[in-house]
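Student: I am new to this structure. Could you take me through it step by step?

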Amino acid sequence: MWKKLACAVTMVFTSVLQAQEVWLVTTLEWPPFSGKNLPEGGAGIVVLREALATQGVRLEVEFYPWTRALITAKNPRYAGVYPAWPEDVGVGFVSSSVLFRSPVGFVEPKVAPLHWTHLQDLQGKKIGVVQDYGNAPEFMHLGNNKTIKTEVVIDDLTNVRKVAGGRIDAAFIDLNNLAYYLKFDAKAVAHLVQANVKEIGSKDLVLAINRNFANRDANAILSRGLAQVDPDRILKSYMQRNFK
């Protein structure tokens with residue numbers, strides 16, 4: 001009898017796993033929020049995974065350079081690309097509810113800090129930006145009209161190293177991302193650079209949902225999941241567990 005019962009339980013459990021919905025998303029190497037070699041895929045990935053799990057959805061993640069992540073996520077097999085700033089949500093995508101927030105600012109040389117009150121005060125400065133990042137609307141406008149000189153690179157770590165080498169005056173960056181790099185990947189140049197004392201602001205991080213994704217209720221599902229978790233607690237707990 002017990003053998004038959006155990007077999008029945010196993011069959012039910014297996015069928016539940018098979019029936020579980022799976023969302024495939026693309027992401028980038030953007031520690032501590034996402035990264036192939038980070039514990040559990042990164043702090044931001046954990047937030048998304050836990051929110052979806054409350055709705056019976058399993059998350060699968062593919063890691064790419066940012067531009068490729070955007071292009072790949074257009075395939076209908078993908079739920080979208082994550083994490084993205086609202087400015088990154090382009091044609092063919094729709095923004096989800098906010099999953100978490102993070103401050104943005106500038107990484108600068110310690111020997112030549114930026115002094116500014118308004119972004120226009122940076123006129124003539126050469127500021128590093130990452131290809132296809134949304135950055136901030138006002139900053140992007142000033143870059144587009146050449147008030148601020150921008151220099152494009154493929155990733156944030158390259159910008160940190162360029163600032164350290166004196167090749168640019170500063171770089172636009174997420175400040176949690178910068179803190180991670182100065183502790184780990186860019187530790188060798190941490191004595192040369194710092195975060196500017198003035199933050200540009202705080203940026204929302206969302207899932208850019210593919211409009212062609214099979215589940216048309218994706219945003220509603222994620223919103224319900226987010227209502228059942230505490231992203232700030234998840235992020236704080238992740239950082240304490242992995243980066244003390």
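Student: Which elements do the buried residues of α7 pack against?
Tutor: Contact means heavy atoms within 4.5 Å. Helices (H or I, at least four residues) and strands (E, at least two) are DSSP runs, numbered from the N terminus. The strands packed against the buried residues of α7 are β1 (21–27), β2 (57–63) and β10 (201–210), and the helices are α2 (43–53) and α8 (231–242).

Student: What kind of model is this, and how are residues numbered?
Tutor: This is a predicted model, in which local features need pLDDT of at least 70, side-chain atom pairs count only at pLDDT 80 or more, and totals for chains, interfaces and linings use all residues. Side-chain values use heavy atoms, with hydrogens and water left out, and residues are numbered from 1 along each chain as its sequence is written.

Student: How many helices and strands are in the chain?
Tutor: The C-alpha trace spans about 80 × 40 × 30 Å along its principal axes. Of the contacts with a separation of 6 or more, 75% join residues 24 or more positions apart. The count for the chain is eight helices and ten strands.

Student: What share of the residues count as buried?
Tutor: Buried means under 20% relative accessible area, exposed over 50%, partly exposed in between (1.4 Å probe, protein chains only). The chain has 244 residues, and the buried share is 46%.

Student: Within what arc do the buried residues of α7 fall?
Tutor: Helix α7 covers residues 218–226, and A218, I221, L222, G225 and L226 are buried there. Seen down the axis of α7, they line one face, because they fall within an arc (of the directions from the helix axis to the C-beta atoms) of 135°.

Student: At what angle do α2 and α7 cross?
Tutor: Axes are lines fitted to C-alpha atoms, for helices over the stretch in contact, and angles run from 0 to 180 degrees between N-to-C directions. The axes of α2 and α7 come within 7 Å and cross at roughly 100°. Angles under 35 degrees count as roughly parallel, over 145 as roughly antiparallel, 65 to 115 as roughly perpendicular and the rest as oblique. So α2 is roughly perpendicular to α7, at roughly 100°.

Student: Are α2 and α8 oblique or perpendicular to each other?
Tutor: Their axes come within 9 Å. The crossing angle of α2 and α8 is roughly 135°. Therefore α2 and α8 are oblique.

Student: Which residues of α2 and α8 make that contact?
Tutor: The residues of the contact of α2 with α8 divide into seven nonpolar (Ala, Val, Leu, Ile, Met, Phe, Trp, Tyr, Cys and Pro), two charged (Asp, Glu, Lys and Arg) and one polar (the others, Gly among them). On α2 they are A43, G44, V46, V47 and E50. On α8 they are P231, R233, I234, L235 and Y238.

Student: Is P83 buried or exposed?
Tutor: P83 sits in strand β3 (residues 80–84). Leaving aside neighbours within four places in sequence, P83 is in contact with residues including W30, F33, W66 and F100. With a relative accessible area of 4%, P83 is buried.

Student: What is the relative accessible area of N135?
Tutor: N135 is in the loop between β6 (126–130) and α4 (137–144). Beyond neighbours within four places in sequence, N135 is in contact with W85, E87, V129, M140, F172 and K203. N135 is buried, and its relative accessible area is 5%.
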